[in-house]
Amino acid sequence: MTKSISISTGSDPGQSARVRTEFPSVSGSFSGARTGLFSARAYGAILTVAAVLALLPALNLILPEAHALYVPDYTVSLLGKFLCFALAALALDLVWGYAGILSLGHGLFFALGGYAHGMYLMRASTPTPQALPEFMVFLSWKEIPWFWSFTEYAPYAWLLALVAPGLLAFVFGYFAFRSRITGVYFSIITQALTFAAMLLFFRNETGFGGNNGFTGFKTILGFDITSAQTRAGLYWVSLMALLGCLLLARAITQSKLGRVLTAIRDAESRMRFLGYEPLGFKLFVWTVSAMMCGLAGALYVTQVGIINPSEMSPENSIEMVVWVATGGRGTLVGPIIGAGTVNALKTWFTSAFPEYWLYALGLLFVLVTVLLPQGIVGLARKLLQRKQERLA
Amino acid sequence: MQNLARGWLTILFLISGLFSGALSAQAPEAVPGDQDWPVKVSRLATDLASSDTTTRLGAIEALGLSREVRALEVLQALAQSTLYVSASGDMVIETEPDQFLDVTTGQPVTSTSAPGSELRKVRMNNRLRSAVQSALASSELLGGSAARRLAAALGLQGEADPARLPILQQALESETRAEIRDAIEIAIASASLRSDDLATRLMAIEKLGESGSGQFISVLTDLLASDAQGNPVESVEVREAAQDALDRIRSWQQLQSWVGNLFYGVSLGSVLLLAALGLAITFGLMGVINMAHGELLMIGAYSTYLVQSVFKLWFPQAMDWYVLAALPVAFVIAGSVGMVLERTVIRWLYGRPLETLLATWGVSLILMQGVRTLFGAQNVEVSNPSWMSGGVQVMGSLVLSYNRIAIVVFAFLVVMLVWVILQHTRLGLFVRAITQNRTMAGCVGVPTGRIDMLAFGLGSGIAGLAGVALSQLGNVGPDLGRAYIVDSFMVVVLGGVGQLAGTVVAAIGLGTLNKFIEPFTGAVIAKIAILMFIILFVQKRPQGLFAPKGRSA
């Protein structure tokens with residue numbers, strides 16, 4: 001008997017078989033990892049989409065407002081946000097789709113990255129680097145707390161945005177995976193973790209602005225944070241980050257380590273019997289995912305100009321999960337498509353029929369899980385396959 | 001379905017037992033009267049009408065010592081400046097503008113027929129006002145209802161005025177109720193603390209120590225004080241007695257706060273238990289993570305609101321009992337929603353627990369928004385029935401509120417109900433069989449699909465019952481369920497899957513732990529500490545407190 005817990009009655013023989021079909025099988029042979037991350041066609045598609053996305057802020061900057069191809073400011077900032085969401089979804093998919101670890105607490109890593117970078121932005125918005133941020137003055141604090149030290153230096157804040165979520169994930173993951181907590185139990189305790197963190201950050205005494213969080217950013221690296229040029233710059237940085245992380249994720253999943261992870265996802269006990277210790281594999285991908293999510297949060301906060309503890313609410317984390325599920329987990333492009341689709345829907349719904357958005361989102365959850373377990377990408381693949389069969 | 005009907009009857013039976021005790025009304029108490037009252041009234045009226053403050057003070061004092069019940073009314077009228085007197089000996093109380101009550105007879109008189117034209121308000125000054133307050137206390141002590149006598153005695157405890165000793169002694173002689181006697185004795189002790197007689201003082205100090213009341217700490221600490229030269233003011237005996245008394249009070253208060261924490265912890269635990277019990281059934285049975293569980297609680301609470309509205313419209317005289325009627329309604333509504341949910345969504349997802357989690361989260365969003373569409377986004381008002389407001393006072397100053405007590409009792413009854421259903425009905429037998437081994441149970445003829453539906457309905461119905469209870473404790477709004485969902489999962493995870501006893505122990509334990517941490521750290525940190533504790537605990541014992549033994553795990 002292993003110590004691991006299976007959630008349903010463990011003796012249900014159908015269960016493990018069904019679990020395996022939840023994820024798309026990894027196509028292509030292992031040797032493919034050495035010839036390149038993507039096929040030439042895939043590279044072409046990715047680069048085309050990236051080029052089109054990269055062009056949009058340029059159109060916003062260069063063209064006059066009256067021009068037919070002019071892209072409004074609103075669209076640029078909205079798409080900039082979506083890029084961050086896509087990055088967070090990619091991070092979540094890396095653990096859920098490839099290691100079978102469903103995290104309901106990725107919003108915490110997202111928010112931690114945001115808070116870490118927000119600290120720098122708060123310091124950059126005060127008249128002098130040593131001046132207290134506004135909320136500390138409001139709380140009549142006399143000096144900057146120790147955990148705020150060095151945050152006036154942007155590179156340190158960037159490092160912190162990666163290290164803080166990464167470290168938390170590492171410690172939490174080490175204990176959780178060592179105790180072989182899997183499945184629903186893991187999901188629930190990640191949810192508890194982010195809930196506890198939210199309560200903690202809501203307190204003024206914690207030192208992160210309490211209820212209001214951070215806002216009122218003015219400059220970043222000396223540039224005006226609200227100017228169109230800075231926005232475009234941030235957008236391009238987000239796009240680069242997303243592309244970079246996509247390549248990194250692809251490299252991880254295509255490597256031998258990635259294959260082991262997928263095997264652990266499908267049959268953890270069997271892998272253990274074969275002599276693999278899953279702890280290190282899972283911990284690695286879990287920490288990487290948290291750091292990616294932190295990066296996404298840092299970019300997000302810079303673009304939207306506010307971070308507060310409600311980012312850590314369990315609702316936000318679970319919404320991230322639906323982006324991944326809608327796009328198709330276990331595929332790296334899926335979550336990016338999913339995050340874009342769901343958020344575009346959300347933007348449209350909340351302006352057109354605000355009271356129906358939750359119905360739509362709820363229905364999306366139900367329909368995707370019941371009817372489309374492999375998401376949009378899975379559906380597309382199936383349709384493509386059918387077409388090829390018909391042709392053959 | 002037969003089994004469900006049996007469950008129904010059991011609920012109704014148990015609940016009717018719960019509230020039968022509350023029905024016995026208290027018999028009205030006889031009020032002491034005074035035969036010479038009419039004679040005294042005219043005398044008092046003349047005195048109060050006089051311009052001499054001392055005369056008026058005497059009248060007020062006499063009123064305070066009178067055993068006549070109307071003397072109390074007169075004093076209250078004085079305090080509220082609604083008493084009118086004439087020099088000729090008439091005294092009336094203004095009840096409403098131009099509506100008077102004759103003090104002698106207690107009959108209403110109109111202003112036109114009010115005898116004497118020279119009626120005027122009794123003029124008050126500060127001295128008179130404080131005299132009225134004291135007299136009110138004395139009067140209530142002698143002539144009020146039991147509750148007022150007790151309140152008056154408790155009030156006099158704090159005053160510590162030696163001038164009150166005669167009244168207190170007199171009240172003590174005539175008092176029959178033990179708790180009021182005790183309160184009066186403490187008041188006497190407090191008043192005689194500065195007495196000249198050493199023995200009286202020592203006895204008074206001891207009595208104050210016995211009272212265990214925190215209000216005497218400062219008086220007793222004063223006895224230990226030293227003067228400017230550093231010499232103790234009081235004699236050794238007095239100081240020793242005072243120190244003993246202080247120690248007794250402190251340890252009593254310690255005990256009191258422990259009992260208070262325990263009670264509030266258990267009541268919080270009962271809330272958690274009610275919220276988590278339905279979840280324990282569905283989670284234990286089917287491994288289904290029902291994220292919509294919180295919304296089933298909310299549906300229960302809204303059912304209470306509906307029943308309340310129905311009662312307001314058609315049975316306003318039975319408003320006090322609407323909560324009882326809400327129980328079956330909430331059970332049926334929440335149970336039906338649960339069964340529909342099981343048939344339409346969850347049955348497609350068995351064996352894929354992570355997927356059920358997502359799908360039920362979607363359902364919870366739909367339910368929440370549905371309630372917003374139907375009832376509006378604002379909280380709705382659900383009132384407490386009158387028998388649930390107030391509380392019982394124990395150990396001196398500790399108040400246990402009736403609604404908390406009702407929750408504890410209710411949680412116990414619901415647990416009993418679930419236990420009975422699981423252990424002593426055919427449905428329960430099947431449920432336990434499926435929990436142990438679904439395939440095998442199916443092989444020997446248990447209709448697993450139908451049992452899944454019924455059990456899910458049962459778990460949801462119990463969430464509905466919990467919703468009724470929650471509606472009595474806090475706000476009822478569309479977000480009600482969200483507040484409980486994380487906590488409910490914590491309870492189930494801590495207790496272990498499929499274990500009723502585990503759920504009970506985990507819920508009560510978490511509630512109590514929370515209340516004991518709270519005084520040191522504040523509510524938020526206590527909550528965070530609990531969450532961290534559970535996260536750590538699950539690392540050590542992933543199978544929960546009470547893991548099922550054997551291969552079925």
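## A walk through chains A and B

Start by selecting chain A, which has 16 helices and four strands (helices are DSSP runs of H or I with at least four residues, strands are runs of E with at least two, and both are numbered from the N terminus). Its radius of gyration is 22 Å, close to the 21 Å that the globule rule gives for 392 residues, so chain A is as compact as a globular protein of that length (the radius is taken over C-alpha atoms, and the rule is 2.2 Å times the number of residues to the power 0.38).

Before you go on, note that this is a predicted model, in which local features need pLDDT of at least 70 and side-chain atom pairs count only at pLDDT 80 or more, while totals for chains, interfaces and linings use all residues. Residues are numbered from 1 along each chain as its sequence is written, and chains are lettered from A and ligands numbered from 1 in the order in which they are written.

Of its 392 residues, 44% count as buried (20 or more other C-beta atoms within 10 Å of the residue's own; exposed means 12 or fewer, partly exposed in between, with C-beta atoms placed from the backbone).

Next, show both chains. Here 50 residues of chain A are in contact with 39 residues of chain B (C-beta atoms, placed from the backbone, within 7 Å). Which helix of chain A gives the largest share of the side that touches chain B? Select helix 8 of chain A, which supplies 13 residues. Colour that side of chain A by residue type and you get 32 nonpolar, eleven polar and seven charged (Ala, Val, Leu, Ile, Met, Phe, Trp, Tyr, Cys and Pro are nonpolar; Asp, Glu, Lys and Arg are charged; the others, Gly among them, are polar).

Now move to chain B, with its 21 helices and seven strands. Colour residues 37-251 as domain 1 and 274-484 as domain 2; these bounds come from an automatic or database domain assignment. The C-alpha centres of the two domains of chain B lie 52 Å apart.

For a last stop, zoom in on helix 3 of chain B, residues 53-65. Show Arg56(B), Ala59(B), Ile60(B), Leu63(B) and Gly64(B), which are buried in this helix. They cover an arc of only 140° around the axis, which puts them on the same side of helix 3 of chain B (the arc is that of the directions from the helix axis to the C-beta atoms).

Conventions
Expected span 1.5 Å × (residues − 1). Contact = placed C-beta atoms within 7 Å.
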